[in-house]
Amino acid sequence: MDFNNLTKKEIISCHLNLLQKYDDETTIFSSLTAALRDARQNTGRDLVTGILTNKDDEHKLANWSGAMCYLIILDQLGKCYKPKGFPDYTEKNSIQRCLKYYTHLSDEEIDAIYALRNALLHDYSISNCNSKKPSLQHHFTLLGFRLPNLMGLPTKSWNGNIETKSKENVTYISLPTFGDMVESIWNSTLNLHRHNDLVVILKGGVSEIRTRYLQYIFNDQNGH
């Protein structure tokens, strides 16, 4: 089978769908939806809908590894796509772009989420120091319950000095609310694709999406 013959729409569909049965012999799976699967599994959400269905699993909504997977989803979506009619935001990184496209968060809140991504994914910490960009200097308290707003920004900016960490300059983020937000962004992306309103912005286009993010699973003769 020649996977180079996949159309542009088929490649995007494979990238965004949890499993795409290509034919009797092959299933196409993407690293993006692997991140979504892991985010949902680690946070106790339904693997298909992303909704918490069992109250006994509510404590899992605060799972840090699940939050990391949700951050990865923002990163990859913002790297690959934008809604039609939106500016490119080339001066911003992929997470900042994604949040500008899909949310009404302030620039300060967006910077805080990007700082959380750096802290968690670089060394699983809850502090991010960046002397060149003071807006990215945050130390976090990650909450396991929902807030009316996603986060609480500090009343006084943190200067990145460990000795000056205090309640005044802590950034609070609700992990359940954060997961809800990324699930909403995911659903919005799917809807845009269904209506042909999703634009590929990755430099290498759909060919790069296919090469970097798609995995082909070859079934045996029994379809397993």
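A residue counts as buried when its relative accessible area is under 20%, and threonine 43, at 2% relative accessibility in this predicted model, therefore falls in that class. Threonine 43 lies in the loop between α2 (31–42) and α3, and, once neighbours within four places in sequence are left aside, this threonine is in contact with Leu52, Asp57, Lys60, Leu61, Asn63, Gly66 and Tyr70. Tryptophan 64 is 21 residues away from threonine 43 in sequence, and the two C-alpha atoms are 8.6 Å apart in space.

The crossing in which α3 passes α5 is left-handed. On the α3 side the contact involves Trp64, Met68, Leu71, Ile72, Leu74 and Asp75, which meet Ile113, Leu116, Arg117, Leu120 and Leu121 of α5. Sorted by class, the residues of this contact comprise nine nonpolar and two charged, with no polar residue. An α-helix has 3.6 residues a turn, so residues three or four places apart point the same way. With that in mind, the reader may follow Met68, Leu71, Ile72 and Asp75 among the α3 residues that meet α5.

Helix α3 (residues 64–80) also packs with helix α7 (residues 205–213), here at an angle of about 150° and with 11 Å between the axes. Because angles over 145 degrees count as roughly antiparallel, α3 and α7 are placed in that category. The contact is made by Gln76, Lys79 and Cys80 of α3 together with Ile209, Arg212 and Tyr213 of α7, and its residues divide into three nonpolar, one polar and two charged.

Helix α5 has a further partner in α4. Helix α4 (residues 94–102) and helix α5 (residues 107–123) pack at an angle of about 140°, with their axes 9 Å apart, and they are therefore oblique to each other. The crossing of α4 past α5 is right-handed. Ile95, Gln96, Leu99 and Lys100 of α4 make the contact with Asp107, Ile110, Asp111, Ile113, Tyr114 and Arg117 of α5, a set that holds five nonpolar, one polar and four charged residues. Ile113 and Arg117 of α5 take part in this contact, and both are also among the α5 residues met by α3.

How far is α4 enclosed by the rest of the structure? Seven of its nine residues are buried, so α4 is largely enclosed. The buried residues are Ser94, Ile95, Gln96, Arg97, Cys98, Leu99 and Tyr101, and what covers them includes α3, β3, α5 and α6 (175–194).

In one of them, the rings of tryptophan 64 and tyrosine 124 have their centres 5.7 Å apart and their planes at 70°, so the pair is edge-to-face. This pair links distant parts of the chain, since tryptophan 64 belongs to helix α3 and tyrosine 124 to the loop between α5 and β4 (127–128), 60 residues apart. Tyrosine 124 counts as partly exposed at 44% relative accessibility. Tyrosine 89 and tyrosine 101 form a tilted pair, 5.6 Å from centre to centre and with 40° between the planes. Tyrosine 89 lies in the loop between β3 (81–83) and α4, and tyrosine 101 in helix α4, so the pair ties together parts that are 12 residues apart in sequence. Tyrosine 101 counts as buried, at 6% relative accessibility. Ring pairs join Phe86, Tyr89 and Tyr101 into a cluster.

Most residues other than glycine have a negative phi. Tyrosine 124, however, has a phi near 55°, a positive value in a residue that is not glycine. Asparagine 196, likewise not a glycine, has a positive phi of about 60°; asparagine 196 is found in the loop between α6 and β8 (198–200) and is partly exposed, with a relative accessible area of 48%.

Conventions:
Residues numbered from 1 in each chain as written. Predicted model: local features only at pLDDT ≥ 70, side-chain atom pairs only at ≥ 80, totals over all residues. Heavy atoms only, no water. Axes fitted to C-alpha atoms, helices over the stretch in contact; angles between N-to-C directions. Helix = DSSP H or I, 4+ residues; strand = E, 2+ residues; numbered from the N terminus. Parallel < 35°, antiparallel > 145°, perpendicular 65-115°, else oblique. Left-handed = near helix turned anticlockwise from the far one by under 90°. Contact = heavy atoms within 4.5 Å. Nonpolar A, V, L, I, M, F, W, Y, C, P; charged D, E, K, R; others polar. Phe/Tyr/Trp six-rings, centres within 6.5 Å; stacked < 30°, edge-to-face > 60°. Buried < 20%, exposed > 50% of the residue type's maximum accessible area, 1.4 Å probe, protein only.
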